[in-house]
Amino acid sequence: MFDFIKKGLSKTLEGIIGIKGDNKKITKDLLEEILLESDVSYEIVEEIIYYLPPSNEVKKEDLKRVMSSYFLYDKPEIVNSKPFVELILGVNGAGKTTTIAKLAYLYKNRQQKVILGACDTFRAGAIEQLRLWSEKIGVDIVLTSQGHDPSAVAFDTISKAKAKNFDQVIIDTAGRLQNQKNLANELEKIVRISNKALEGAPHRKILVLDGTQGNAGILQAKAFNEIVKLDGVIITKLDGTAKGGALLGIARELELPILYIGVGEKMEDLIEFNPDNFLDILLEGVFE
């Protein structure tokens, strides 16, 4: 796990080491430069500096204590439901479909029976893309033609999962429609119809965010959170960016737990996010 996160933060660590150079002592000015380079927002950098002890030299244990406070948001309790229904949201290009495939692969490896619901019926190719992933991983899928009512697909997927004793239902959704109001109406309807198919569903609503966008993804996330109250976030493409520090801003601004991070293209490159490990690796780059 530790090595996986280190791999995902490799570009962020390269950036940190480049700024740090041969400095053995980390001053507050140097720390500010390092954090900004890692895409920690200026406001959060100011807060971190403020809450450190008054000495100009920064100690590793003090910095970890302060930075840990940004990841205090607990993961939501897993409802004891069979099937367990997850709604996956995110804009096109964030890696949503691949993340759904990785989640399905993860659950299948836990010996769980998984079914996918292809509810992004708006985007050309989205249904086919998810179908190909379902075949590759070896999990069931409910799909229909482009333009069909996505909430009907969600209802059919959950109904089949109940009838056939599935453990996990993962529902894909559209990332873009003609306008924000259309998208909001569609997502709200999927949530409403899912609850009709199975009371309490969807049990978890997860937003997929593109890690290469850094702090720029926060506004996008807030928009989704206003439409559908989110339960957590998955950060993708972390291995392809030097903006790993943005995770502090994402957790703080959304007041949501980061559930998983994507650290590569392989199916197993989706790992549960551990704030402690994340900070240890980040600070290793700063101090060692």
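Mentor: On a 1 Å grid over the protein atoms alone, a pocket is an open set of points with protein on both sides within 12 Å along at least five of seven lines, whereas a cavity is a set of points where a 1.4 Å probe fits but cannot get out; lining residues have an atom within 4 Å of a point. The present model is predicted, so local features need pLDDT of at least 70 and side-chain atom pairs count only at pLDDT 80 or more, while totals for chains, interfaces and linings use all residues. Residues are numbered from 1 along each chain as its sequence is written, and side-chain values use heavy atoms, with hydrogens and water left out.

Trainee: What makes up the lining of the largest pocket, and which residues lie nearest its centre?

Mentor: Its lining consists of 17 residues, and Ile-78, Phe-84, Arg-110, Gln-168 and Arg-204 lie nearest the centre. Strands β1 and β7 (258-262) are the elements that give two or more residues to this lining; a strand here is a DSSP run of E with at least two residues, a helix a run of H or I with at least four, both numbered from the N terminus. The volume is about 260 Å³, a volume being the space filled by probe spheres set on grid points that are joined across faces, edges and corners.

Trainee: How do the residues of that lining divide by class?

Mentor: They divide into seven nonpolar, three polar and seven charged. In this scheme Ala, Val, Leu, Ile, Met, Phe, Trp, Tyr, Cys and Pro count as nonpolar, Asp, Glu, Lys and Arg as charged, and the others, Gly among them, as polar.

Trainee: Which residues line the second largest pocket?

Mentor: Gly-95, Thr-98, Thr-99, Lys-102, Thr-236, Lys-237, Asp-239, Gly-262, Gly-264, Glu-265 and Leu-270 line the second largest pocket, whose volume is about 200 Å³. Helix α6 (residues 96-109) supplies the largest share, three residues. By class, one residue is nonpolar, six are polar and four are charged.

Trainee: How do you know whether Phe-224 is buried or exposed?

Mentor: The relative accessible area of Phe-224 is 4%, so Phe-224 is buried. Phe-224 belongs to helix α10, which spans residues 217-227 and in which Gly-217, Ile-218, Gln-220, Ala-221 and Ile-227 are buried as well. The buried residues of α10 pack against β1, α9 (180-197), β5 and α11. Among the contacts of Phe-224 itself, not counting residues up to four places away in sequence, are Leu-89, Val-91, Leu-183 and Leu-207.

Trainee: Why is the pair of Tyr-50 and Tyr-51 given its particular geometric class?

Mentor: The structure holds four aromatic pairs. For Tyr-50 and Tyr-51 the centres are 5.0 Å apart and the planes stand at 90°, which makes the pair edge-to-face. The rule is that rings of Phe, Tyr and Trp (its six-membered ring) pair if their centres lie within 6.5 Å, and planes under 30 degrees apart count as stacked, over 60 as edge-to-face and the rest as tilted. Tyr-50 is exposed because its relative accessible area is 65%, and Tyr-51 is exposed at 54%.

Trainee: What makes the pair of Phe-71 and Phe-273 a tilted one?

Mentor: Its planes are 55° apart and its centres 5.6 Å apart. Phe-71 lies in the loop between α5 (60-68) and β1 (84-89) and Phe-273 in the loop between β8 (270-272) and α12 (275-287), so the pair ties together parts that are 202 residues apart in sequence.

Trainee: How do you know that the charged end of Lys-113 sits over the ring of Phe-166?

Mentor: The charged end of Lys-113 is 4.5 Å from the centre of that ring. A charge sits over a ring if NZ of Lys or CZ of Arg is within 6 Å of the ring centre and within 35 degrees of the ring normal.

Definitions and conventions: Buried means under 20% relative accessible area, exposed over 50%, partly exposed in between (1.4 Å probe, protein chains only). Contact means heavy atoms within 4.5 Å.
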